[in-house]
Amino acid sequence: MMHLAKRVIKQTLNDKRSVMMILVAPLLILTLVYFLLGDSNYKPTVGIEKGALPEPLVTALNDQHITVKELSAADMDEPKDYLKNHEAVDAIFSMNGTSVAITLFESSTKGAKAMTEIQNALADVNPAAKLDISYVYGDSDQTLFDSLGYVFLALFSFFLIFIISGMALVRERSGGTLERLLMTPIKRSEVILGYTLGYSVFAIAQAILIVLYSVYVLDLSSAGHIGWIFVTMLLLAIVAVSFGAMISVFARSELQVVQLIPFTIIPQVFFSGLIPLDLIPYHLGNLCYIMPIFYGAAAIKGIMVYGDGFADIWPYLAGLLGFLAVLFIINMQAMKKFRRL
Amino acid sequence: MIIVKNLHKSFGKHAVIQGISMNIPSSEICCLLGPSGSGKTTLLRLMIGAIAADKGSVQFDDVTMPNLALLHDIGFMPQNDALYDDLSAEDNLRFFGGLQQMKKAQLKTRITDVLALVELTAHRKKHVRDFSGGMKKRLSLAASILHSPKVLFLDEPTVGIDPVLKRSIWNQFQELKRAGTTIIVSTHVMDEVTECDKAALLYNGRLIAYDTVQTLLASTKSGKVEELFIMANEQEGAAL
């Protein structure tokens, strides 16, 4: 078993692309996600009719993080046409007596931001309408990256290790080395454990790198102890190795591993926490229980967002251990295809 | 002695091996000869226990295959090179030797010996991805004999190899035989039969002849083993 683990480590280290994929790619993607989901400091442009709004409201609008553009009465007659022809304007705001109308170019985060700023301005002139919003976890200043960053930690620890190990195992079969190594007195269980152990070394390195980079460089806040994040990511990555081993039994080439990704990985992304599971209709959210990434992402969310410790996350860790046990049995049976003993 | 008793194997409805029985004496070279698709590789894989037979058995002396402990005594060289490109020649051998539970000192000596035998000593630190096809073949042979197996199974070891290297590889097989190794080699190259002591002629999954090479060649008019396959083909045509 140790010979196999050592070989996996040495072989992976000799393949610079695999090392880059395990250690550099997640940092690169995380940085990209940080900028994509972080606070862009975008300043929306809101059109208002010149002289039509009460002066205090215009002042309040100007005090917000928006650019106020004064439009003529003719432009205000057909606000949709105006927005179609002036894409730089995100929203048109008008008042008719006490009723308020907002026309947006499209349903987007830019429009939503314009609407929030208009609501803030309205609340400034009418303090009674101001909403006092508070959060049990997090605050209003949190960016989308702060809220969803944990999902990416789970996704990376699973996906990249799955790809590397799944591909390596298929290559082992197609290259004939699996048959050759099974013609030695190694036991089937030792083959599976050797592989798992070898890739676990990279899973540990990846987990440490991703967590430290997210927390200390990208400033992703964690309410709980980051040690538990390491543990969860490591366990999830070990499940990924076993999952990769199982998928490799059904794939004859590396291309076929890629062809199986839409069936095996992409559905798991939707159940990782990106979308609240209770919003999914027909109780389809319950499908999360058959997806390993859900357990990892839920545990990491618990640690980072709710400050959970072992007492709270153990059911998720137990779920991952359950997957490991089931996949180990499946892989042991599947390996019988290549050697009976 | 390897005793093959009434082996049968089908893949789906296709019967690949149909009732093969033969005894292979120790310290001899026995070739499994036949055209592509005759069942050579399947028979080889059934003999080493890589796949399960539908019927019949294979015994190594008194032990029935598959047997995990017996794999210490078996060397296997698959048809493709079956080496790790990202590792050096030495690391490949160290890995396969490790799986055979060889002691560190013994492994070190044997790696030096087998690399010398296949004339790759100068390339021991080189990655296999930088090897030529012939070098890979030789390293693959080195990996299969590293643990000094009593029985060596070779699946088409000389396919795609130039005549000079082919000669050198057959010389190495003869050397191993003299050292007491039993060698079972599959090949579709009819000329290679003269290198062997015994030959098993396979045709459409059946054993059409099994005897010493001298006896088999003496039974033909032309003195060429191809004649036996042509006769088998004609008999099959007549039966249909």
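Okay, let me start with one residue: A:Ala297 counts as buried because it has 30 C-beta neighbours inside 10 Å. Buried here means 20 or more other C-beta atoms within 10 Å of the residue's own, with 12 or fewer being exposed and anything in between partly exposed, and the C-beta atoms are placed from the backbone.

Quick housekeeping. This is a predicted model, so local features need pLDDT of at least 70 and side-chain atom pairs count only at pLDDT 80 or more, while totals for chains, interfaces and linings use all residues. Residues are numbered from 1 along each chain as its sequence is written, and chains are lettered from A and ligands numbered from 1 in the order in which they are written.

Back to A:Ala297. You'll find that residue in helix H13 (residues 292-306) of chain A; helices are DSSP runs of H or I with at least four residues, strands are runs of E with at least two, and both are numbered from the N terminus. Setting aside neighbours within four places in sequence, A:Ala297 contacts A:Tyr150, A:Val151, A:Ala154, A:Ser272 and A:Gly273. By contact I mean C-beta atoms, placed from the backbone, within 7 Å.

Zooming out, chain A splits into domain 1 (2-37 + 143-337) and domain 2 (45-129), with bounds from an automatic or database domain assignment. The C-alpha centres of those two domains of chain A are 47 Å apart.

Now some packing, still in chain A. Helix H9 (residues 188-217) and helix H14 (residues 310-334) of chain A have axes that come within 9 Å and cross at roughly 130°. That makes H9(A) oblique to H14(A). For the record, axes are lines fitted to C-alpha atoms, for helices over the stretch in contact, and angles run from 0 to 180 degrees between N-to-C directions. Under 35 degrees is roughly parallel, over 145 roughly antiparallel, 65 to 115 roughly perpendicular, and the rest oblique. Who meets whom? A:Arg188, A:Ser189 and A:Ile192 of H9(A) meet A:Phe328, A:Asn331 and A:Met332 of H14(A).

Over to chain B. Helix H2 (residues 89-99) and helix H4 (residues 133-145) of chain B also have axes that come within 9 Å, and they cross at roughly 25°. H2(B) and H4(B) are therefore roughly parallel to each other. The contact uses B:Ala89, B:Asn92, B:Leu93 and B:Phe96 from H2(B), and B:Leu139, B:Ala142 and B:Ala143 from H4(B). By class that's six nonpolar, one polar and no charged, where Ala, Val, Leu, Ile, Met, Phe, Trp, Tyr, Cys and Pro are nonpolar, Asp, Glu, Lys and Arg are charged, and the others, Gly among them, are polar.

Last stop: B:Thr158, in the loop between strand S7 (151-155) and helix H5 (163-178) of chain B. With 20 C-beta neighbours inside 10 Å, B:Thr158 counts as buried.

Key: Contact = placed C-beta atoms within 7 Å.
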